[in-house]
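Please read this note with the sequence and the structure open side by side.

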Amino acid sequence: MKIAIIKYNSGNVQSVLYALERLGVDAELTDDVEKIRSADKVIFPGQGEASTAMAYLKARKLDQLITELKQPFLGVCLGLQLLCEHSEENDTECLGIFPVKVKRFIPENSQEFKVPHVGWNELENLAQNPLLTNLPANPFVYYVHSFYAEMSEYTIATTHYIHDFTAILHRDNYWAIQAHPEKSSVVGEKLLENFLSI
């Protein structure tokens, strides 16, 4: 199985590679259009800022490629946000796979809620979906983010922080997770394992 991890100017790629390695899978980090197009599965990771990430994708025509792919595709963290249509982060037009807006958390009570949202929170309202099969009871995952995707018909799991927000999205061959599965212990490992089985 050929796994391509899309290379762009985002942090945290190495931990995704290590997580896949622990599952016995070798993945290639690449921004080569043909290598990505020919992969069996594609992972779009990320930590960073939306507008500079989109500029990098557009400069290499990866923005167009991503929207044309037919194989199972997984966006992670910033990868989820860039798959949406628009982000409030520097007023950025994104890829539009999911017709969903990405908004900034507004802390209602600064003593209780900090932005960015950092820490372990539970996945809730899980839909029947191949990505979510056989997860442990009360699945907690690890988050680091200041922006979130709004709830939509494509939401297949939610998390509550300040308010409910989209934890996981699915549309056609595209899945996306706001948390970091590579840092989410057994739950994250199972999510990655499920994706590799799709």
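**Notes on a predicted model**

1. Arg 37 is partly exposed, with a relative accessible area of 40%. This value, like every other one in this note, comes from a predicted model. The side chain of Arg 37 meets that of Glu 34 in a salt bridge, with N and O lying 3.7 Å apart. Because Glu 34 and Arg 37 are three residues apart in helix 2, about one helical turn separates them. As a general point, an α-helix has 3.6 residues a turn, so residues three or four places apart point the same way.

2. Since Lys 101 belongs to strand 7 (residues 98-104) and Glu 85 to strand 5 (residues 84-87), the pair ties together parts that are 16 residues apart in sequence. Lys 101 is partly exposed, at a relative accessible area of 37%, and Glu 85 is also partly exposed, at 27%. Returning to the pair of the opening point, salt bridges that share partners join Glu 34 and Arg 37 with Glu 68 into one network.

3. How many salt bridges does the count come to? The count is seven, and one of the pairs is Asp 31 with Arg 60, whose side chains meet at 3.6 Å from N to O. Asp 31 lies in the loop between strand 2 (27-30) and helix 2 (33-38), while Arg 60 lies in the loop between helix 3 (50-59) and helix 4 (62-68), so this pair ties together parts that are 29 residues apart in sequence. Asp 31 counts as partly exposed at 25% relative accessibility, and Arg 60 is partly exposed as well, with 35%.

4. Strand 10 pairs with strand 7 in the antiparallel sense, over three bridges, and Ala 149 in strand 10 is the bridge partner of Val 102.

5. Which residues touch the most other members of the largest nonpolar core? In this core of 36 residues, they are Leu 20, Ile 43, Leu 74, Leu 123, Ile 168 and Leu 191. Among the elements that each supply at least two residues of the core are strand 1 (3-6), helix 1 (13-22), strand 4 (73-76), strand 12 (163-171) and helix 6 (185-197). Leaving aside residues up to four places away in sequence, Leu 74 touches Val 42, Ile 43, Phe 44, Trp 175, Ala 176, Ile 177, Leu 192 and Phe 195. A second, separate core has 34 residues, including Phe 44, Leu 62, Ile 97 and Val 100.

6. Helix 1 deserves a look of its own. Its buried residues are Val 13, Ser 15, Val 16, Leu 17, Ala 19 and Leu 20. What do the buried residues of helix 1 pack against? Their partners are strand 1, strand 2, strand 3 (41-44) and helix 6. Just after helix 1, Gly 24 takes a positive phi of about 80 degrees.

Note on methods. Residues numbered from 1 in each chain as written. Predicted model: local features only at pLDDT ≥ 70, side-chain atom pairs only at ≥ 80, totals over all residues. Heavy atoms only, no water. Salt bridge = Lys/Arg side-chain N within 4 Å of Asp/Glu carboxyl O. Helix = DSSP H or I, 4+ residues; strand = E, 2+ residues; numbered from the N terminus. Buried < 20%, exposed > 50% of the residue type's maximum accessible area, 1.4 Å probe, protein only. Pairing = 2+ DSSP bridges. Core = buried A, V, L, I, M, F, W, Y, C linked by side-chain atoms within 4.5 Å. Contact = heavy atoms within 4.5 Å.
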